[in-house]
Amino acid sequence: MSIKNLLIEMKNLSELMVDLAYSAILFNSKAAAEEVIALENEVNSMNYEIKKESLVAARSYEDAEKLTALLEIAEAAESIANAAKDLADLVITGFKPHPVFKMVMEESDKSIVRVVIEEKSDLANNTLGDLLLVNRTGMRVIAIRRGSSWIYGPDKNTTLLANDTLILKGTEAGADLLEKLAAGTCSLEDIPDELEEEID
């Protein structure tokens, strides 16, 4: 992978980690925290690869000077990832939120959930545009893990596959419903009519 592509991947991963880390604390989600910790290792590995590629690419003092800026960006992205991991570690170790966090959680109707799509699920082999998950359940897909790779900011044309791991954010009721949909224990036809109304 080129330095450019590595930096793009690091940027995407660090942004995802921050979102997941704050969500993990606000909603006391160990699932989100575990994803952050796993991603932190990937970011560290990418930063190491960038350093190696930079050493190979630098053929002169001028080249080295130009690559220094890229190395600093990579270091900054890794610092963001490390900070996100520190937040996630709080959740894993049983961090008890300050009353302010509890107030935020009580006032918020948002929840984060990690689900794996089973073969028998209605979610499998359908696009997000066809499923209309936001309208039907109030849950928005933040990212999709497919094997060892990630899909960030999936859009209406993104097709969900069996064994995909979805990271979603939305309502508590929607989280429960998504878990059942992903497991195949309920179908889209089972969704109550009131949840099918468009959510602002």
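I looked up S54 and found it in helix 2; helices (H or I, at least four residues) and strands (E, at least two) are DSSP runs numbered from the N terminus. The model is predicted, so I kept to the rule that local features need pLDDT of at least 70 and side-chain atom pairs 80 or more, while totals for chains, interfaces and linings use all residues. Residues are numbered from 1 along each chain as its sequence is written, and side-chain values use heavy atoms, without hydrogens and water.

**Confidence.** I noted an average pLDDT of 85 for the chain, with 91% of the residues at 70 or above; pLDDT is the predictor's confidence in each residue, from 0 to 100. Over residues 196-200 it stays under 50. Where pLDDT is low, the coordinates should not be read in detail.

**S54.** I read S54 as buried because its relative accessibility is 4% (buried is under 20% relative accessible area, exposed over 50%, partly exposed in between, with a 1.4 Å probe and protein chains only). A polar atom of its side chain lies 2.8 Å from the backbone oxygen of I50. Beyond four places in sequence, S54 contacts I3, L67 and L71 (heavy atoms within 4.5 Å).

I found five of the seven residues of strand 6 (residues 165-171) buried.

Technical notes: Polar contact = N/O pair within 3.5 Å; in protein donor to acceptor, adjacent residues only side chain to side chain.
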